[in-house]
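Please open the model in a viewer and keep the selection tool at hand.

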Amino acid sequence: MPDTVPASPALWQRVRRIAPPYLYLLPAVVLLVVWTYQPLAQTFVLSTYSWNLVPSTPMVDVGLGNYERLLSTPELGRSVWRTVVVILGILPFTVGIPVAVALLTRRVRGRAQGVYRALVFAPMLVAPVAGAAVWQWLLDPSAGAVNRVLGTDVNWLNTAGTAQLSIIVITGWHVVGFAVLVVTAGLAGINPDYAAAAQVDGASRSQVTRWITLPLLSPTLAFLVLMTVLLSAQWTFPLIDTLTQGGPVGSTTNLYYLLWEYGFRSHDAGLAAAAGVLFFLGFIVVAALLTRLAERLSHHDD
């Protein structure tokens, strides 16, 4: 019989050379599968059942019935519109104000610059529930500091016209420090030679900011816009749950809070899962569109 041909040592050496990067990634991939993709799959399966979260109650297969119920409820459209309002309201706190603050603090020199940035970032370190408790006291209709300063007697958190505005402002106060930090990092990554060359050619400081700094900062701003669109409703959730519980008359119920109400107030796990699947798919589409738009509009320092 012919001798068995041994495995090529070159193949084994190639495997040993290629394998280490994948082995380093393996723990992260396992955690991603266990904590992200597996729950997503379970959510999709749960969305096809009717269940009230009681372990002793059987799960009834309803197919796509939960999706049909969800799309026929008027609360869904209203919560989508409130989510859009929240996103538009928080954008000035995550894009406009941070750009202005970051540009102004660049003119501050020495230790004062770090102090200013620390003061701006400080609200981000406050737990949302603790911050909500302080704001509830500040917005108190009878003894609150806000009404005293403005000379009004508005019930900010229990009036349909002002509750959403209050949630937006409090959320913006929380996240503006993070956005300033991101913009500051983006400014630090811009080569100062561009501004120096423009000033040599006679450009003013405002012209340098308008035509050089802001275009080169566009990738950072696109990132902040994307974060705001995807996470605004999530940022507002602890404040809504603490201050308004979705009211008054549902005026602060956005997508995330509607999902929570379906699952933990109505105890309709299937409907909540269906809402989670639709929201997930919807935000994926929005994120893809925004990413493609950002790639077209952003200017990079090549």
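## Stop 1: helix 5 and helix 10

Select helix 5 (residues 128–138) together with helix 10: the two pack at an angle of about 50°, with their axes 9 Å apart. Helices here are DSSP runs of H or I with at least four residues, strands are E runs of at least two, and both are numbered from the N terminus. Axes are lines fitted to C-alpha atoms, for helices over the stretch in contact, and angles run from 0 to 180 degrees between N-to-C directions. The model is a predicted one, in which local features need pLDDT of at least 70 and side-chain atom pairs count only at pLDDT 80 or more, whereas totals for chains, interfaces and linings use all residues. Residues are numbered from 1 along each chain as its sequence is written, and side-chain values use heavy atoms, with hydrogens and water left out.

Helix 5 and helix 10 are therefore oblique to each other; angles under 35 degrees count as roughly parallel, over 145 as roughly antiparallel, 65 to 115 as roughly perpendicular and the rest as oblique. The crossing of helix 5 with helix 10 is right-handed. A crossing is called right-handed if the near helix is turned clockwise from the far one by less than a right angle, and left-handed if anticlockwise.

Now display the side chains at this contact. From helix 5, Pro128, Val129, Ala132 and Gln136 meet Pro238, Leu239, Thr242 and Leu243 of helix 10, where contact means heavy atoms within 4.5 Å. The residues of this contact comprise six nonpolar, two polar and no charged. In this classification Ala, Val, Leu, Ile, Met, Phe, Trp, Tyr, Cys and Pro are nonpolar, Asp, Glu, Lys and Arg are charged, and the others, Gly among them, are polar.

## Stop 2

Remain on helix 10 and select Thr236. Is Thr236 buried or exposed? With a relative accessible area of 0%, Thr236 is buried; the term means under 20% relative accessible area, exposed means over 50%, and partly exposed lies in between (1.4 Å probe, protein chains only). Leaving out residues up to four places away in sequence, Thr236 touches Val86, Ile90, Ile167, Thr171 and Asn254.

Next, select the loop between helix 10 (218–243) and helix 11 (255–264), where Pro248 is placed. The peptide bond from Gly247 to Pro248 is cis, with omega near -5°. Gln245 belongs to the loop between helix 10 and helix 11 as well. Its phi is near 50°, a positive value in a residue other than glycine. Gln245 counts as partly exposed, at 35% relative accessibility.

Proceed to the loop between helix 11 and helix 12 and select His267. Although not a glycine, His267 has a positive phi of about 55°. His267 counts as partly exposed, at 42% relative accessibility.

## Stop 3: helix 1 and helix 12

Select helix 1 (residues 9–46) and helix 12 (residues 269–297), whose axes come within 8 Å and cross at roughly 125°. That makes helix 1 oblique to helix 12. The crossing of helix 1 with helix 12 is left-handed. Leu40, Thr43, Phe44 and Leu46 of helix 1 meet Ala269, Gly270, Ala273, Val277 and Phe280 of helix 12.

Then select Ser47, in the loop between helix 1 and strand 1 (49–50). At 0% relative accessibility, Ser47 counts as buried. Which residues does Ser47 contact, leaving aside its neighbours within four places in sequence? They are Gly63, Asn66, Tyr67, Gly270, Ala273, Ala274 and Val277. The side chains of Ser47 and Tyr67 make a polar contact (2.7 Å). A polar contact is a pair of N or O atoms within 3.5 Å; within protein, one must be able to donate a hydrogen and the other to accept it, and residues adjacent in sequence count only if both atoms are side-chain atoms.

## Stop 4: helix 3 and helix 7

Finally, select helix 3 (residues 74–105) and helix 7, which pack at an angle of about 40° with their axes 7 Å apart. Helix 3 and helix 7 are therefore oblique to each other. Their crossing is right-handed. The residues of this contact divide into 19 nonpolar, six polar and one charged.

Within helix 7 (residues 160–188), centre the view on Val180. Val180 counts as buried, at 4% relative accessibility. The C-alpha atoms of Val180 and Val99 are separated by 6.9 Å, the two residues being 81 residues apart along the chain. Not counting residues up to four places away in sequence, Val180 touches Pro98, Val101 and Val120.
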